[in-house]
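Good morning, and thank you for making time for this presentation. I shall begin with the place where the two chains meet and then turn to each chain separately.

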Amino acid sequence: MKPLLLGALAMVLALVVAIAGCSRTETYVIGSKLHTEQHILAEVLAQTLESAGYQVDRKLNLGGTKIVFNALATGEVHAYVEYSGTIQEVILKSSRTLSLQEISADLAEQGIETLEPLGFNNSYAFGIHEDLAKETNLTKISELRDHPELRFYFSHEFLEREDGYPSLKRHYGLTQDADGIEHALALRAIVEQEIDVTDLYTTDAEIEHFDLKVLEDDLQFFPKYLALPLVRADLPVEVKQLLNVAANSLTDAAMANLNYQVHIEQQPAATVARNFLATLNVKSNYVAETIGDKLIDRTLEHLFLAAVALLAATTIALTISIAVYSQPSLSKAIAYGAGLLQTIPSLALLALMVPLFGIGKLPAIVALFLYSLLPIIRTTVTALTTVDPILVQVADGMGYTRGQTLRYIQIPLSLPAILAGIRISAIICIGTATLAAFIGGGGLGDLIFQGLQLDDTRLIVIGAGAAALMAIVVELMFETIEKFVVPGHIAALAKVSGNQLAT
Amino acid sequence: MRSDIECCARLAGVGKRLGNRWIFRDVDAELPAGEVTAVIGASGSGKTTILRLINGLYAPDEGSVKVLGEPVPDHDQYAFRRNIGYAVQGAGLFPHMTVAENITKLAKLEGWPHERIAKRLDDLLELTDLAKELKTRFPYELSGGQQHRVSLCRALMLEPQVLLLDEPFSAIDAITRREIQDAFRVLQQQLQISAVLVTHDIQEAARLAQYLLVLAEGAVVQKGPTQAVLDDPEPTFLKNLVSTAS
């Protein structure tokens, strides 16, 4: 048993070292949240560095402010673009409005430097149809006081939040009542002129698409969401200077236009960023990946994640099972423990790994590994303990040692069930690995989330289809392995119990 | 009292407990070497326990057990057990191994040379009247009778000095059982091996054993050469058995 255990340990150690080694590079890492605008801005930063000859690693589609900010704080990400309002509320958790100087000072304590604002403010605003704007000459929210006849429809959240419309109504002294409506419907309804005023984001791609006019927040009701590149304070000065490339160069309308090109015109974010950089006299040679390239690259990443996690889980789970199967209470406790892990929603488990292992492939692999343990442990322990007791007794009586009985009798007879457990884990790994993209682990989830974000069904279908195909191929592969490894009549004998285990 | 050479196993004042209940106590028995001893008794009388005390699967709670003149070792029993053949009810063949693997696996693990293994395997197959073609078959491809013959071969492979048989022929039909019993008798006489046979079948005991050990109500109630016991059965249940059998 000892060599087996040592071997397993060595393998896991080697894996950890290999993976840790991969993520420690001399290149600069640019992050972004799962959002079109973030994606474009990350490309702007990344391509600027690349055009100056630096290597860049892109960690796009990260699952939220906390994940990407913590990655910046720990140095796993070197730069990304954040919004002043988000910094104030989510990161610094301040209840009052902070000036840019205050934000910079607070972040500096965490080793983070704020660069020059990009110029635009991605905040709430009111939108009306351009024709209506021409008719009424409306340009500011305060002017709405003179138009009590206009029909107000707001998104449910804005309508109901205390700091939403009720508060704004008092602030501006408006008299109009408002009703709730879905955001996407509201924009169409404005085009159809069925409603007059709705809330939107100042850089929404739809502003240009639907010919909307944004009313100025002239009494400064909405908090500012100024786009601010955040960088590690310890970056070289010349790199920080490069990352200041887009300082004060984007108005709300200009950003909305870039979003429009990606979201509505379906141009790759990388291409839109390259064209924008050209207007700043930065010549980027970056070519957006084709779908084919992406598919191959993400499929390989996906396979890597699933395979490494499965290999580690198989080694560890088999070692544990063999070590504990003969002690019912201990194996029960371990099965409960593994079962508990299984009840944690996969997304939550991935998020839990971030504080421990940061972002990237390692936390994704650890989460997948934990997820794969249970099916293997449960099937293996059950199979080993349910081998016909007469056979074990005969082996004992004949003088097989415990190890020999295990190796030559119990394990071979349990093989169909053990393989079934590994197969279930493999499928779980492949399915769950699509979520790795949330924490920068890559994989086919990148395509799926990008598709969701861009409303691009083709990308979603390609990503999800590839993952499903991979699951089917792996399933067939296991069937083949089983045919070679397990003598036919044992497979037939085990079929009944194996199927029971599998469900 | 027999000498150690005349005696394949000697139990002296042996008692065995299962939890708080004594299966039996004060068992004294000398099982003759080179002959077949049948341990007979109703189910629950502790017949199988006697076998397990002999090959060390159980340790006695009182008294002592000697096999071939030596006390049963309390550690490294694997080597000790390999000197004692073992066959059980229903053949107990390993379903994932071929006939040859079932028989020779332990010899390979013991490091026997290839030629010796091959020769011993062929000899055993011949001795038990099994065709050589069966070597590569799996147990499920064999008839019940063939499976039991393979089980005997397996028990004999390592040239043991003692053979323990736990109701080996009880799960087969009457005609096949008769065949196997005959085969076993021939084989035992040729090899002159000491054998301990657990059975609840008085006819089988009478056919195969030269010595009987009768267990009932937690003790040995009668023992001696088969004919002597059958001529004058002491416990009532044995009397009934003998009278219905004859």
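**The interface**

Across the interface of chain B and chain A, 6 residue pairs are in polar contact, both residues of a pair being at pLDDT 80 or more. A polar contact here is a pair of N or O atoms within 3.5 Å; within protein, one must be able to donate a hydrogen and the other to accept it, and residues adjacent in sequence count only if both atoms are side-chain atoms. On the side of chain B that touches chain A, the elements giving two or more residues are α2 (77–81), β6 (84–88) and α3 of chain B.

Residues are numbered from 1 along each chain as its sequence is written, chains are lettered from A and ligands numbered from 1 in the order in which they are written, and side-chain values use heavy atoms, with hydrogens and water left out.

To continue with the interface, 21 residues of chain B are in contact with 21 residues of chain A, contact meaning heavy atoms within 4.5 Å. Between them, chain B and chain A bury about 2000 Å², of which 69% is on carbon and sulfur atoms. Buried area is the accessible area (1.4 Å probe) that two parts lose on being put together, summed over both. In chain B, the residues that lose the most area to chain A are Y78(B), F94(B) and H96(B), together 28% of what that side buries. How many salt bridges are there between chain B and chain A? The count is 0, where a salt bridge is a side-chain nitrogen of Lys or Arg within 4 Å of a carboxyl oxygen of Asp or Glu.

**Confidence**

For the complex, the predictor gives an ipTM of 0.86 and a pTM of 0.75. Chain B has a mean pLDDT of 83, with 94% of its residues at 70 or more; pLDDT is the predictor's confidence in each residue, from 0 to 100. Within chain B, confidence is highest in helix α3 (residues 99–110), at a mean of 91, and lowest in helix α9 (residues 236–245), at 67. Where pLDDT is low, the predicted coordinates should not be read in detail.

**Chain A**

Chain A contains 22 helices and 10 strands. Both are DSSP runs numbered from the N terminus: helices are H or I, at least four residues, and strands are E, at least two. Of the 503 residues in chain A, 52% are buried, where buried means under 20% relative accessible area, exposed over 50%, and partly exposed in between (1.4 Å probe, protein chains only).

Let us look at two helices. S372(A) is found in helix α17 (residues 361–385) and counts as buried because its relative accessibility is 0%. The side chain of S372(A) reaches the backbone oxygen of L368(A) at 2.6 Å. Beyond four places in sequence, S372(A) touches A313(A), S425(A) and C429(A). C429(A) is itself buried, at 1% relative accessibility.

I427(A) lies in helix α19 (residues 402–432). Is I427(A) buried or partly exposed? At 28% relative accessibility, I427(A) is partly exposed. Apart from neighbours within four places in sequence, I427(A) is in contact with A471(A) and E475(A).
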